[in-house]
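Subject: Structure handover

Hi,

Here is the structure I promised to pass on. My notes follow below it.

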Amino acid sequence: MRTDTGQVFRLEDYRPSDYHIPLTDLTFRLSPDSTRVVSELTIERRDGVSGTLPLVLDGDGLVLKRVEIDGKALARSAYQATPDRLEIANPPARQFRLTIETEVMPSQNQALMGLYRSNGVYCTQCEAEGFRRITYFLDRPDILSVYTVRIEAKRDEAPLLLANGNPGERGDLSDGWHFAVWHDPFPKPSYLFALVAGDLGLVGDSFVTASGREVALGIYVEHGKERLAAYAMDALKRSMRWDEEVFGREYDLDVFNIVAVSDFNMGAMENKGLNVFNDKYVLADEETATDADFANIEAIIAHEYFHNWTGNRITCRDWFQLCLKEGLTVFRDHEFSADERSRAVKRIAEVRTLRAHQFPEDQGPLAHPVRPRRYREINNFYTATVYEKGSEVVRMIRTILGAEMFRKGMDLYFERHDGDAATIEDFLKVFEDASGRDLSQFALWYHQAGTPNVTVTASHNAGSNEFTLEIEQSVPPTPSESRKRLMHIPLAFGLVGKDGKDIAYTSVDGASVEDGVIHLRKRRHVVTFSGVTERPAVSLNRGFSAPITLSIEQKPEDLMFLARHDGDAFSRWQAFNTLLTDALITATRCVLGGKKPAFAKELVELAGTIAGDETLEHAFRALAISLPGEADIAREIGANIDPDAIYAAREALDGAIATTNQSHFKALYEKLSVAGPFNPDAASAGRRALRNALLDYLSVLPNGETLAASHFAAATNMTDRAAALMVLAHRHTKSAEAVNALAVFEGKYRSDALVMDKWFQIQAATPGLDAVDLVRRLTEHAAFSMTNPNRVRSLIGTFASVNQTGFHRADGAGYKFFVETVLAVEKRNPQVAARLATALRSWRSLEPGRQAKAREALLAISAAENLSADLRDIVERTLA
Ligand SMILES: [Zn+2]
């Protein structure tokens, strides 16, 4: 474990390395407790660098066995080796061959970085700085090298030997060993290196690229699970075709392999030609996976595949540029899912995710720009800001330039930077060059942290037929950035007339307005539309064109009107969601004041109208009628949060909607039940989503537990089964029906770890005071393991980040349990522990009692001895 060195890395300190490594030849002799790695590096000085230049290679916990230059052992005085660094004081001035032999112990590696074992399979994870746990290297993304990898292993232990690139020579060695050689012709950074060796089953297929080349596709899974990889393979082939059609990008190697492993810190990793996946994002059938799982698999398979161009062929110059590959690739996978599924529904889901995960980052102590300027531990910057907001920034570039010019810019990016380690400046420049536009103000979206606030007042002058929007922007201060500059915000809009259609205007003044987008560039714009003969309802930030918070003085009847009639599906959803959120905030105040919340009849009835509106997609209706989550409401309230009051308010609105619409909901619920074979497609999933949203409402009515129990018993797929189990466990906790359903589920799936994750997740989110004891008990369950990241995230992660009433218990018991658990996880896996610890990032918005207890918890973690760099960084920034 790397403990904290206190070292801060700064963007402005970047300088190119004095040395290049054009060729890297690796030989692995695999053994669980003593793997030998021989690395033969061809090293050259950078042009124009002269004098005596020490070569300093990165390591992390390495044991050096041998070091040679040009085949001769290096004198002991010529180098210094520690576990974390190898320094050669005076290497030859010309090109030379450096041979390094190290020893690593994959079986002891619980941090899951570098070379480790997962269920008997050797695998690697090198992003961001894992390669240095395998061998000494210039472990930075701007060192691009051509890799040839030879793997030797016992044939019975590892019949399968995989690495990046194309397969080469293979054969037998003595004593039951064998070998395979892989060569990757595309120069790549060390973080994209991968090796997999073990005994796995293959799902094979092939793909013919647009130019007619045949690519062999392989997905490797545990024996017996091959059937569960069919959907992932289908998603892969669709992704490959889509990238050709939409971005003109063809695959470049002869093979493309995916390996599913059960112990993995992240979702998946885009290693060139050899993607390694958390098995959660590969394995699925209707019996074990929900519709959400299918959608995630499709999105993540696509995401990692798309990295082949955005990340691998063009990589990042340094880790500050992480968003160059991640934000862009998230944007690409979002577009893929939107094309494959419903664009409107996908957009709503994206925005919900952004608000749930990125907005709290921007609004709390962990705020950082999409391209950070400093870090202590890069592992902690794989954040929603870099990924999700990074994607929104790319989306805004397309909004500003238009689809055609955006594609032209992307084509130029691939043409100009193929084979480069590039920067955000390079990326923005291609769009400026392609379009002739100036994006210098827009670039602040990469450089400046914080969610901009836009406030709007609207007025209509019936005498002059003028409609005026007074728009002001401000960016709230964030840590280490108290003064903010004005942003270029593209605000899509529509003026909606009484017939529900957008009304025309004759001219506009006060801001540049193009193709339905107002371009805000100043602090204040007074935008006047002429020739507007009726007072319109104004629909702003359509499609969520900019990741901002918008406050607009709007009459509830205008919002009600937009929720019924807005031509933009996203804004229609947003209007209703705003009404629900406002009602819930008012209700929370009632609860805190000791009053019973009451809700407008029109609002409660509108939920029923939307649920039954046959002109809308099922999935849209399901999203629209699902109430904002407790954390969403807390974020909107902003300060002095009492999670119990929010929970009570939400329960009250649930009850009001269910009671008012009960016969309608019941009829709709019955109508939506379908027999026949399962289909994972978006339309079928939408139908299930709406039916399960209705079940959730109906379950709060008398005998709701009976309905939910029969829904559970009749379920023929995991989506319906898990939905019913959640309703029982959360709404009828401890009822005979809930106890029975949990036992049945456990009995049926006891030996399927991924399905048991759902069982842990559902229970970890059980509202109320008993949750902490329940979660503590579940850590003793046979299916739980503190060393497996998926188990830890399902049980501990869900409890801390989802369970608002249980985790934020007023007496601090939830935090106390959390401190113990985070420290226990950290001993094995600092990265996963640091990620867990971000659950307290919004602690300052809690009411004073809980705030004090949360602070104590953070201080307790911070006081622990030998804290890892990962965890110390998060805890200290959270407390700062
Ligand atoms: Zn990625």
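Which helices do the buried residues of α12 pack against? They pack against α4 (343-362), α10 (569-592), α11 and α16. Packing here rests on contact, meaning heavy atoms within 4.5 Å. Buried means under 20% relative accessible area, exposed over 50%, and partly exposed in between (1.4 Å probe, protein chains only). Helices (H or I, at least four residues) and strands (E, at least two) are DSSP runs, numbered from the N terminus.

Before the rest, some ground rules. This is a predicted model: local features need pLDDT of at least 70, side-chain atom pairs count only at pLDDT 80 or more, and totals for chains, interfaces and linings use all residues. Residues are numbered from 1 along each chain as its sequence is written, and side-chain values use heavy atoms, with hydrogens and water left out.

Back to α12. This helix is mostly covered, with 7 of its 8 residues buried. They are Ala619, Phe620, Arg621, Ala622, Leu623, Ala624 and Ile625.

Leucine 627 counts as buried because its relative accessibility is 7%. Leaving aside residues up to four places away in sequence, leucine 627 touches Leu580, Arg650, Leu653, Asp654, Ile657 and Tyr697. Its C-alpha atom is 14 Å from that of valine 700, which is 73 residues away along the chain.

Next, α15 (residues 662-672). Its buried residues are Phe665, Leu668, Tyr669 and Leu672. Seen down the axis of α15, they fall within an arc of 105 degrees, so they line one face of the helix. The arc is that of the directions from the helix axis to the C-beta atoms. Ser663 and Lys671, on the other side of α15, are exposed. The buried residues of α15 pack against α11 (601-612), α12, α14 (643-660), α16 (682-698) and α17 (704-714).

Now two helix pairs. Axes are lines fitted to C-alpha atoms, for helices over the stretch in contact, and angles run from 0 to 180 degrees between N-to-C directions. Angles under 35 degrees count as roughly parallel, over 145 as roughly antiparallel, 65 to 115 as roughly perpendicular and the rest as oblique.

- α9 (residues 556-565) and α11 pack at about 5 degrees, with axes 12 Å apart. That makes α9 roughly parallel to α11. Met560, Ala563 and Arg564 of α9 meet Glu602, Leu603 and Leu606 of α11.
- α18 (residues 718-731) and α19 (residues 736-749) have axes that come within 8 Å and cross at roughly 140 degrees. The two are therefore oblique to each other. On the α18 side, the contact is made by Met718, Arg721, Leu725, Leu728 and Ala729. On the α19 side, it is made by Glu737, Ala738, Ala741, Leu742, Phe745, Lys748 and Tyr749.

Two single residues remain. Glutamine 763 lies in helix α20 (residues 753-764). With 6% relative accessibility, glutamine 763 counts as buried. Glutamine 763 touches Leu742, Leu774 and Leu778, not counting residues up to four places away in sequence.

Lysine 225 sits in the loop between β18 (214-221) and α1 (230-247). Lysine 225 is partly exposed, with a relative accessible area of 29%.

Best wishes
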